[in-house]
Amino acid sequence: IDVTLEHGFIRGLHAWFTIDAVPGGTRLHHVEEVDFGWGPLGWIHDALIRGWWERSVRQEVAEIARLLRAGERGKGLAAV
């Protein structure tokens, strides 16, 4: 699954998931690359929100894993 931001507050986002069958289950790997477009101020921003961002991504991946285990596909755009 490959996701690219089309519009929004941040300048760019590229995220991807790899989902692989492994003995005894499934491995889900998720990566997000975010460009806020703030130049050197981006380092300060990153330092301030790193913990929140990491928790947010962990929650997102946990919810995706829960949906996959439950055999659900989610609500798509209807959830927005």
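Guide: Accessible areas here come from the Shrake-Rupley method with a 1.4 Å probe, and for residues only the protein chains shown count as cover. The model is predicted, so local features need pLDDT of at least 70 and side-chain atom pairs pLDDT 80 or more, while totals for chains, interfaces and linings use all residues. Numbering starts from 1 along each chain as its sequence is written, and side-chain values use heavy atoms, with hydrogens and water left out.

Visitor: In what order do the elements of the chain run?

Guide: Helices (H or I, at least four residues) and strands (E, at least two) are DSSP runs, numbered from the N terminus. The chain has one helix and three strands. Going from the N terminus on, the order is β-β-β-α.

Visitor: What percentage of the residues is buried?

Guide: Buried means under 20% relative accessible area, exposed over 50%, and partly exposed in between (1.4 Å probe, protein chains only). Out of the 80 residues in the protein chain, the buried ones make up 16%.

Visitor: Arginine 11 lies in a loop; which residue does its side chain meet in a salt bridge?

Guide: A salt bridge puts a side-chain nitrogen of Lys or Arg within 4 Å of a carboxyl oxygen of Asp or Glu, and the side chains of arginine 11 and aspartate 35 meet that way at 3.0 Å, N to O. Aspartate 35 sits in strand β3 (25-35) and arginine 11 in the loop between β1 (2-4) and β2 (12-22), so the pair ties together parts 24 residues apart in sequence. Arginine 11 is exposed at 61% relative accessible area. Its partner, partly exposed at 33%, is aspartate 35.

Visitor: How many salt bridges are there in the structure?

Guide: Arginine 27, partly exposed at 47%, pairs with aspartate 20 at 3.0 Å between the closest N and O atoms. Arginine 66 and glutamate 63 meet at 2.7 Å, N to O; both lie in helix α1 (41-70), three residues apart, about one turn of the helix. With the aspartate 35 and arginine 11 pair included, the structure's number of salt bridges is three.

Visitor: What area does the nonpolar surface patch have?

Guide: Patch residues have over 30% relative accessible area and no salt bridge; like charges are joined within 9 Å, nonpolar side chains (Val, Leu, Ile, Met, Phe, Trp, Tyr) within 5 Å. This patch is formed by Phe9, Trp38, Leu41, Ile44 and Leu48, and isoleucine 44 has its place in helix α1. Together the five residues have an accessible area of about 610 Å².

Visitor: Which element gives the largest share of the lining of the largest pocket?

Guide: A pocket is an open set of points on a 1 Å grid over the protein atoms alone where a 1.4 Å probe fits, with protein on both sides within 12 Å along at least five of seven lines; lining residues have an atom within 4 Å of a point. This pocket is lined by 15 residues, with Val3, Leu13, Ala15, Glu32 and Glu60 nearest its centre. Each of β1, β2, β3 and α1 supplies at least two lining residues. The largest share, six residues, comes from α1.
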